Amino acid sequence: MKAKHQRLLLVGLALVALLAAVLLAMSALKDQAAYFYAPGDIARNGVPEGRAVRIGGMVQQGSIVRETDGVTIRFVVTDETQATVPVRFKGIVPDLFKEDSGVVAEGRFGPDGMFVADEILAKHDENYRPPELAGNRHKAESLE
Amino acid sequence: MIAEFGLAALWVAAALSLLQLVAAAAGLRSDSEALLGSVRPLAVVQAAAVALAFAVLILLFLRTDLSVLLVAANSHSAKPWIYKFAGTWGNHEGSMLLWVAVLSVAGGAVALFERKLQQRTLIATLAAQAAIGLGFYAFLLFASNPFARLDPAPAEGQGLNPLLQDPGLAFHPPTLYFGYVGISIAFSFAVGALITRDVGPAFARAMRPWVLAAWIMLTLGITAGSYWAYYELGWGGWWFWDPVENASLMPWLAATALLHSVSVLATRDGLRAWTIMLAVVAFSMSMIGTFLVRSGILTSVHAFAVDPERGTFILALLGIYIGSALALYAVRIATVRQGATFNLLSREGSLVANNLLLTALLGIVLVGTLYPLALEAATGEKLSVGPPYFNSTTGPLALILVAIMAAGPLIRWRHDQLRMVVRRLAIPLAIAATALVGLLVFQPGLHILPLLGLVFAAGAGAASIAPLVKRNLRRTPLFTWGMVVAHLGVAVSLAGMASESAFTRERLVAARPGETVIVGPYTIRFDSVDPVAGPNWSAIEATLTARRGQGTPFTLHPQARTFSAPPMETSEAAIATRLDGQLYTVLGKSDGQGRWQLRLWWKPLVTLIWLGGGMIAFGGLLSLVGHLRRDRRSARREAFE
């Protein structure tokens, strides 16, 4: 094989590999990226059933209920539109999870409209706000 | 006074790097021996100056000098000394100073120890290194001064994020930085070689030890970071596909590709243009990582700075360096003479396949990491890309890569016959097939990726030892040993990952003291919950007694800690390590009626993940020493002749 042909072949292979990687990435992104919704978005556009999503807002005052198994909790997420989303979560909640405080939950909506969370995002410290929520709050402030 | 001294040292280092750049550029233009000769000493003195500045900052932290803004904002007099020391780089300014210190010390080391490179290429390399340093000195001095004073000094500091108050902080960031920033050396070598058009085997042999050293550090840093996250965060996972983790994985993927293509260039004089390109890409990934972590664009435990101005500054530096390197590449690469050619079924061919797959993996991780940022910037829409995306895309590619890694060293350079390659692979293939059948029969219902992971690990483990078969082991060169150990490490690590995801047993319960819980082979009695106190925290501590069958019982003490400065709660997992896995226990919340949440995992063979990581790094070290020894021997032989 001539040197020039070999270089062309290698460049071609590299392009094919990269193209395949990008296509693979794009299709996986379409199926598996979790979009972020606030309760207001859900109220406006309906429930994205069956797909992994994130919801974020404030934990409604007085809404945290512990089920009898001791490890499952239910609570309600709300936002400045006063829309609400009921959430169920089985696991150990992060240390700074409390009522009237920000929360981001990742999971899926069940057929009954209950959001079943696989994960409640940990706030690492008092100053930490989930980035999505920080943006929303910012938006809310600029509207006022 | 010492803070001002540190700042002065930093200014001196910045001035020296400017001088180094100018002297090198003028020297290369005029061929003046005096100018060219001044570059090496300048690089060394510059490294000493910035190391001094960093030492001053460490001293300020050790003494908890609260009149320095950075210390007051990130330290506390009641902290154990080790965290005062490590806290030096547990914040934005300090970690950027560490970054630039590592950059300059690496440049100084090249100036002191590099003897193989021809002089003009070396000077051009040091010029490139000085140019990178200059940008980051400007960043520190104008946008992130670590020595800024606070007047009046507060009575007490604000403390360090408790998650960072762990011995891991002393080790993980510096190692990772040595790797991250060490890659800059490869970049500067590439720029230097492009400037002097000196791309060939000699150049590759000179560059290889530096790439290897940075790559070893990266490997260690990532392995240590993974273990740190595993035991400190208490989530039981060892890799979260967090953007910050990806920021360290991407340079590693590029550096791994570079390491292999450099060996083609050094041994067979092939892949010239590609190797240069990879060096540029690898450092670009380090810069993108720095940008992601340091700009505050991501919110995570790693992102200390939330300041858009700093983000813009780093982004501008990134654009300038990568842009000019690519421009130089575009202008010069056509003048780099064509390298040697080879058959596709050859060692070179397998290394090309390795490079393509690593690059594809890099692309996938890069897309997944940047896509949410780009989408939000463009449309305001928010989404997160997490493990489902990364696992389903990188998993299959990584398995193919492991297969190529297993076969590659058994294929000859230049050209080989398929029949012979298959024959050499017969035993590993048989072992993999046995593993497949065994798992299907005895562990039915495994998911496809963990199943294939275990099978490929078995086959690759056997294949990676194969290059030693029928060889005189005492005369086998050290770098061959290095390759064998590193490849075996990949198989070991893969076995750990697959085993963890296939066989982990998890229990989440609410239990009263006195109750017992069964997880995997262990019976665990929940004895009591008691308050305990540490130097700067108080905690609730559970006492668990675990017993495996009729074995000796042992106790575990998971804690829920509350820190006072800054106020924060963390959970400290209690982990028992056994030869065949780890028992991982976390204490959760009380339900107010005497029950406590307990989360218990039995993770078979999980420790292999980090053992494999260590083996990969150790293999790199063997290879580095082996190459250095051989180069020294051949240099002596040349001198003799």
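**View 1. Order of the elements in chain A.** From the N terminus on, chain A runs α-β-α-β-β-β-β-β-β-α. Its secondary structure comes to three helices and seven strands, where helices (H or I, at least four residues) and strands (E, at least two) are DSSP runs, numbered from the N terminus. The model is predicted, so that local features need pLDDT of at least 70 and side-chain atom pairs count only at pLDDT 80 or more, while totals for chains, interfaces and linings use all residues. Residues are numbered from 1 along each chain as its sequence is written, chains are lettered from A and ligands numbered from 1 in the order in which they are written, and side-chain values use heavy atoms, with hydrogens and water left out.

View 2. Among the contacts in chain A with a separation of 6 or more, 52% come from residues 24 or more positions apart; contact means heavy atoms within 4.5 Å.

**View 3. The interface of chain A and chain B.** In this view, 43 residues of chain A are in contact with 46 residues of chain B. The area buried between the two chains is about 3900 Å², of which carbon and sulfur atoms give 65%; buried area is the accessible area (1.4 Å probe) that two parts lose on being put together, summed over both. On the side of chain A that touches chain B, α1 (3-32), β1 (34-37) and α3 (131-143) each supply at least two residues. The element that gives the most to this side is α1(A), with 15 residues.

**View 4. Strand pairing between the chains.** Strand β1(A) and strand β1 (residues 383-384) of chain B run antiparallel and are joined by two bridges; two strands pair if DSSP finds at least two bridges between them. A:Ala34 has B:Ser384 in β1(B) as its bridge partner.

**View 5. The surroundings of B:Pro450.** B:Pro450 belongs to helix α16 (residues 448-465) of chain B. With a relative accessible area of 10%, B:Pro450 is buried. Its contacts, leaving aside neighbours within four places in sequence, are with B:Ala498, B:Ser501 and B:Ala502. B:Ala495 is 45 residues from B:Pro450 in sequence, and their C-alpha atoms are 8.8 Å apart in space.

Definitions and conventions
Buried < 20%, exposed > 50% of the residue type's maximum accessible area, 1.4 Å probe, protein only.
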